[in-house]
Amino acid sequence: MTELTPIGLLAELTHRCPLGCPYCSNPLELTRANQELDTKTWTRVFEDAASLGAMHVHLSGGEPLVRKDIAELTNAAHLAGLYTNLITSGVGLNAQSLTELRAAGLDHVQISIQGVDPTRADAIAHFKGGAKAKREAARVVVEEGLALTINAVIHRGNIKDLPAIIDLAVEWGAGRLEVAHVQYHGWAIANRASLMPAREDFLTAAKLVEDARKSLEGTLVIDHVIPDYYAERPKACMGGWGRQVIVVTPDGRALPCHAAATLPGFAFDNVKDRSLAEIWETSEAFQKFRGTAWMPKPCQGCDRAEIDWGGCRCQAFAITGNAATTDPACALSPEHTKLREMATADAASGISTYRFRRIGG
Ligand code: SF4
Ligand code: FES
């Protein structure tokens, strides 16, 4: 038995999305609409999550607004007692749909943006008219009085636009901006050479964020998700494996993180077969890297073992082929130099074509 309580549920309602961003963290093998969980099952999942102690649910995807039952799902999560956060591209969100969602119990909206220049933003999203739709969506969210977060995924193609991105978040009336450097999972890893920024550009961006945090204190909160490939120590991925978050995929697999399905040798339990509580408590997958007992050296005995929990298992596997090793983002990992060299080579690759995300590869 674990005494841990999940804080949040990441409900990947669907993998369908009108956009085709090449840095999407969804898996290359996307789930089709006919495999998605139905409204009734999601309702039970929300109730289970709340009974387990979860406080909030991120209604995510793909693009959650493509679910015809999104208002019903929002209401089910709300009635279960969860704080509801819609994570959306903004495409499909208008005054009418937002009023409906708000009446259903929506608490917060996070809109992702690709940049400030509409043509370039639409090009990377692989969707014409997206930038305009996002601006309008942000406007109606603020007009409805809902809390708004802007999520800007940062990569080589837009890192120099960061000052303008910060200005845009202020102009749109967001209370929070997530400056999220690409995390290399799913589609992002397939596009790493086209996305990786130069280290100097990352350092400039980090300084910019620091300065903006001070100058915009009281106006805009800025979160900064740094690129692991340029870190000295890893972050506690998902707050530590099986510690804070449960991800449920569109077809009902319960995972400790959004990329766990890339790890070999796991049979992930499905919410169609078992309750979320049973899965959280007893499933092999959630227990596998929970805590510190599984850790090899140098994590074992390290004073950060219960801070970063050894970093990201999926990244360790993607780079070394072994999920049970220290995340190479850590400078103490024997693979750290290799990771840095990969990043440097990718950043200098000059590759500027993308493999856009789409169902069916
Ligand atoms: Fe974290 Fe392991 Fe590196 Fe220590 S050795 S800082 S626990 S990843
Ligand atoms: Fe799986 Fe980090 S994404 S542990």
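**Close-up views of a predicted model**

**View 1. Helices H4 and H5 in contact.** The axes of helix H4 (residues 118–125) and helix H5 (residues 130–143) come within 8 Å and cross at roughly 105°. Angles of 65 to 115 degrees count as roughly perpendicular, so H4 and H5 are roughly perpendicular to each other. From H4, the contact takes in Pro-118, Ala-121, Asp-122 and Ala-125. H5 contributes Gly-130, Ala-131 and Lys-132. By class, the contact of H4 with H5 holds 4 nonpolar, 1 polar and 2 charged residues. This view, like every other here, shows a predicted model.

**View 2. The whole protein, for orientation.** The protein has 14 helices and 9 strands. Its radius of gyration is 20 Å, close to the 21 Å that the globule rule gives for 361 residues, so the protein is as compact as a globular protein of that length. Along the principal axes, the C-alpha atoms fill a box of roughly 55 × 45 × 45 Å.

**View 3. Helices H1 and H2 in contact.** Two packed helices are described by the angle between their axes and the distance between the axes. For helix H1 (residues 39–52) and H2, the axes come within 8 Å and the crossing angle is roughly 25°. Angles under 35 degrees count as roughly parallel, and H1 and H2 are therefore roughly parallel to each other. Their crossing is right-handed. On the H1 side, Thr-39, Trp-42, Thr-43 and Phe-46 take part. They meet Glu-72, Leu-73, Ala-76 and Ala-77 in H2. The contact of H1 with H2 divides into 5 nonpolar, 2 polar and 1 charged residues.

**View 4. Helices H2 and H3 in contact.** Helix H2 (residues 70–79) also meets helix H3 (residues 95–104); the two axes come within 8 Å and cross at roughly 25°. That angle makes H2 roughly parallel to H3. The crossing of H2 and H3 is right-handed. H2 supplies Ile-70, Ala-71, Thr-74, Asn-75 and His-78 to this contact. Glu-100, Leu-101 and Ala-104 are their partners in H3. By class, the residues of the contact of H2 with H3 are 4 nonpolar, 3 polar and 1 charged.

View 5. The peptide bond from Gly-61 to Gly-62 is cis. Its omega is near 10°. Gly-62 sits in the loop between strand S2 (56–60) and H2. Most residues other than glycine have a negative phi, and most peptide bonds are trans.

**View 6. Positive phi at Met-238.** Phi of Met-238 is near 55°, a positive value in a residue other than glycine. Met-238 lies in the loop between strand S7 (221–225) and strand S8 (245–248).

View 7. Pro-298 belongs to the loop between helix H11 (284–288) and helix H12 (305–308).

How values were computed
Residues numbered from 1 in each chain as written. Chains lettered and ligands numbered in written order. Predicted model: local features only at pLDDT ≥ 70, side-chain atom pairs only at ≥ 80, totals over all residues. Axes fitted to C-alpha atoms, helices over the stretch in contact; angles between N-to-C directions. Helix = DSSP H or I, 4+ residues; strand = E, 2+ residues; numbered from the N terminus. Parallel < 35°, antiparallel > 145°, perpendicular 65-115°, else oblique. Left-handed = near helix turned anticlockwise from the far one by under 90°. Contact = placed C-beta atoms within 7 Å. Nonpolar A, V, L, I, M, F, W, Y, C, P; charged D, E, K, R; others polar. Rg over C-alpha atoms; globule rule 2.2 N^0.38 Å.
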